[in-house]
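Student: Before I rely on any of the labels used for this assembly, could we go through what each one rests on?

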Amino acid sequence: MHKISANRKRLLAFILLGWALLFIGDRVGELQQYQGAFVAMYALAIASIILLTGYSGQLSLGHSALMAVGAYAGALSINNLKLHPVIALIIAALVAGIFGLILGIAAARLSGPYLAGTTLALAISLPTIANQFTILGGEQGILFDIGTPPTRFGEEFSQYKWFFWVSSLAALIMIWLLSNLVHSKYGRVFRALRDNQTAAQLAGINVGRQKAVAFAVSSGVAGLAGGLLVMLISGVSPSAFPLSLSFSLLTGAVVTGVYDLKGVMLGGLVLVAIPEIADSIGSRVGGSDGFTMALPGFLVSALLILAVLFTPNGPGQLLKKKM
Amino acid sequence: MSLVVENLTIDHGAIRAIDNVSFTVATGQLAAVIGANGAGKTTLLRTLSGLKESKSGNATWNGKSILGVRPEDLARSGIMHVSDGKSVIAELSVKENLALAGLWRKDKKDVAAVTAEVVDLFPVLGQRMSQASGSLSGGERQMLAIGRALIARPKLLLLDEPSLGLAPLIIEQIFQTIKSLVAKMDLTVVLVEQNAMGALKIADEGIVLNLGSVVAVDSAQTLLNDPAVRAAYLGF
Amino acid sequence: MLQFITAILTSLSAGAIYALMSTALVLVWRSTRVINFAQAGQAVLTTYIGYEITIRTGSYWYGLIAAILSGALIGAIIDRFFMRPIFKRIKSGPIVMIAPVVATLGLLGIIQAIIGFIWGLNYQTLAAPVSTDGYKIANTVIAFSPYNLMVLLSVTITMVLLTVLFQKTNIGLALRASAYSPEIAKLSGIKVDAVRTLGWAIAGAASGLAGMLYIPNSYLYPNGMDVLLVFGFIAAVIGGLDSLFGAVAGAMILGFAINFVATYISYKLVFPTAFVILILVLLVKPGGLFSSSKGRKD
């Protein structure tokens, strides 16, 4: 009985959060709606990292590539298969998930630095691979058009608000599903993998299979986030998924607590805020173009190192220390 | 010059491995530290050689504190620790292993001289100079480990269970060699052993540890004849 | 036939550069048990320094020396003032596993950002000191140039020097002993911390050389050595992370494999090939093809 009410409580919390977001979305300007859409998308991507690293203990640097896989799959569905955008997003998640399953089966045998290096190789090679196949549109990429808001919402309903709604809803639903997953038996299994693989094996857990499952689910979520990203920028191209994106996601996850899904929204906010902060620092200091462009990367990396050193368990750790 | 340990306490995680232990080993003496598995003997040695931190208490050699000093600095000041089991680098040759303790020494002539002495002492090493140490037998590896320690011309030698895993005949050889080293090489020796009989037979004094505390400190001969010690550690 | 010989020569030249990178990674791994992802940043930073010196002095060779020396210095500084404090600080908890990896990743980002601050993100070019036009054999121009030959020679000389250093000198013995067993080395009186810093310095110098050899054939920009990091990593994994010989052998195997695929099948398959080789080795013989010890040491 207790378990059911915990699930219900969670569902209620998410529904409330959803209403709150829609409420806020109505009250802010278009720029904030657009940024809000990005926050939701990043939150989702960070959730995929937290599931993989925080819960099942596998470190991946290749999630930018997984997002790209989902993004391209989604774009191709719309353009070449003429499918409905929502279906395209689902396909994005599925294709990335399958890709992640295959990768995960191989990755299950790797640990620590080897997994990191392999996924890093994936992240670095992906833009080059994408460039070379014409069906993927090469350097230019392909269009991704989520379409205009349905007419029944009225003329006042802007494209940006539509972005915000789609992004937030998709993120909300997916993170709710993930939350259920980690609170279920699967969550315990994943945590066992992270903390002590040998013990998990002795307890009868098929370590290889579960690790691959975690990887697949994480990839699917990343693929969906990738689909959302290219929806927001209206097109997918190799340059949308640089290596630095993987770093950003990792930073977002570590800064807000890599072991817990609760902080993902905060992580998304941080990632959206950093380029803004960098911009304002840049204009105040009056640095060169190179300075302004390199500053977000600098902030992300510095934040990553500081977070790993001082708050590996999330900002809550800092607060606890002060008390 | 003596080794003075005063009220030394060492924790190993949540366990108090060494509890308020005190003893003295005078210059030129061979002290055997005996006790059952888990008595804290290895932990004690690792702390004296700088590999582990102590919680409280003192340990001095020659009047100078040796706690909290880096292992390599202690080694350079004449304290050599031959740790148990894996004390030679298997991938390096016998010659290279021996050379390790002399790498930092300025007096290269003396390094050559003492290396010759060591080969004299352990002729089998001389025969296997260019062989990989991993291919040596257990006894040969122990000789190599001790030989390497001697190249540094130490004044204090800490030996951790040199007899572990060796055949009785070899153990006898090793113990006799250790005994002769004290006079030959002007050493003070702390010999940690589970082989209580063999250790006490060659030692001057004995320190009995149980669960981290000292239960007896006396001359080796007295301990050998003590019925309680005999019953607990000597098996008769 | 000529195509075959050319493919072999270009494979050697490419493999030579990968060998420098994999050597650097193996050196750091052996001394510190860390895959130094920041090596790509160190390599490209020292190439920028070499580039500046080349422009100011008009000589590539001065730039090369500058890159190698600054590489050694930067490598030493990173170990002494970045890695050592981090290891001291992170001693327990599940974070121990990912902390060093994340630290070198963060460092990579910071180095690349600093390069952006100083030099901007534009692509620069570094001119090669010798001709990059292929040699002419019997009226045909092959894809192997004096520049490729220079690369091959420099790396061969470097590897010989490193081998002599490690096998025949006292410093080399100290380096090897500290890598095999830091504890025994310490108990023998070797200053293991200083030796480790030296290892990072040598690795930094090697990656500095790699950068100056690689960039003239490519572009100089903050992410310019990322691909080489990947290839160096794959080469190191193929050879097994615990020996210099493995690093070179792995680099050659990788160089040959992707060069032949590029020449005879399609250059588009270079990355997929490298990736497949990596996965195969990690699944079949994770300790590497030339490793003496069983399995990987994590």
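Tutor: What follows sets the computed values beside the definitions behind them, chain by chain and then across the interfaces.

Tutor: This is a predicted model, in which local features need pLDDT of at least 70 and side-chain atom pairs count only at pLDDT 80 or more, while totals for chains, interfaces and linings use all residues. Residues are numbered from 1 along each chain as its sequence is written, and chains are lettered from A and ligands numbered from 1 in the order in which they are written.

Student: What makes chain C agree with a compact globule?

Tutor: The radius of gyration is taken over C-alpha atoms, and the globule rule is 2.2 Å times the number of residues to the power 0.38. For 298 residues that rule gives a value near 19 Å, and chain C has 19 Å, so the two agree. The C-alpha trace of chain C spans about 65 × 45 × 40 Å along its principal axes.

Student: Which elements make up chain C, and in what order do they run?

Tutor: Helices (H or I, at least four residues) and strands (E, at least two) are DSSP runs, numbered from the N terminus. Chain C has eleven helices and two strands by that count, and from the N terminus on they run α-α-α-α-β-β-α-α-α-α-α-α-α. Chain A has 13 helices and two strands.

Student: What share of chain C and of chain A counts as buried?

Tutor: A residue is buried if 20 or more other C-beta atoms lie within 10 Å of its own, exposed if 12 or fewer, and partly exposed in between, with C-beta atoms placed from the backbone. Buried residues make up 56% of the 298 residues in chain C, and 52% of the 323 residues of chain A.

Student: Why is strand S8 of chain B called mostly covered?

Tutor: Six of the six residues of S8(B) (188–193) are buried. Thr188(B), Val190(B) and Val192(B) point one way, Val189(B), Leu191(B) and Glu193(B) point the other way, and all are buried.

Student: How do you know which strands S8(B) pairs with?

Tutor: Two strands pair if DSSP finds at least two bridges between them. Strand S3(B) (30–34) is joined to S8(B) by five bridges and runs parallel to it, with Ala31(B) opposite Val190(B). Strand S7(B) (156–160) also pairs with S8(B) in the parallel sense, over five bridges, and here Leu157(B) stands opposite Val189(B).

Student: What makes the unit of S7(B), helix H7(B) and S8(B) right-handed?

Tutor: A crossover is right-handed if, with the strands pointing away from the viewer, the path from the first strand over the helix to the second runs clockwise. The β-α-β unit made by S7(B), H7(B) (168–184) and S8(B) is right-handed in that sense.

Student: Why are S2 and S5 of chain B placed at the edges of their sheet?

Tutor: The sheet is open, with four strands in the order S2-S1-S4-S5 (chain B) and antiparallel pairing. S2(B) (15–25) and S5(B) (64–65) each have a single partner strand, so one side of each is left without a neighbour in the sheet. Strand S1(B) (3–12) pairs with S2(B) in the antiparallel sense over seven bridges, and Asp11(B) stands opposite Arg16(B). S1(B) and S2(B) form a hairpin with two residues between them, and Gly13(B) in the turn has a positive phi of about 70 degrees.

Student: How are helices H3 and H5 of chain A packed against each other?

Tutor: Two packed helices are described by the angle between their axes and the distance between the axes. Axes are lines fitted to C-alpha atoms, for helices over the stretch in contact, and angles run from 0 to 180 degrees between N-to-C directions. The axes of H3(A) (63–79) and H5(A) (112–132) come within 7 Å and cross at roughly 35 degrees. Ser64(A), Ala65(A) and Ala68(A) of H3(A) make the contact with Leu122(A), Ala123(A), Leu126(A) and Ala130(A) of H5(A).

Student: How many residues of chain C are in contact with chain A, and how many with chain B?

Tutor: Two residues are in contact if their C-beta atoms, placed from the backbone, lie within 7 Å. By that test 37 residues of chain C are in contact with 38 residues of chain A, and H4(C) supplies the largest share of that side of chain C, 16 residues. Towards chain B, 17 residues of chain C are in contact with 20 residues of chain B, and H6(C) gives the most to that side of chain C, with six residues.
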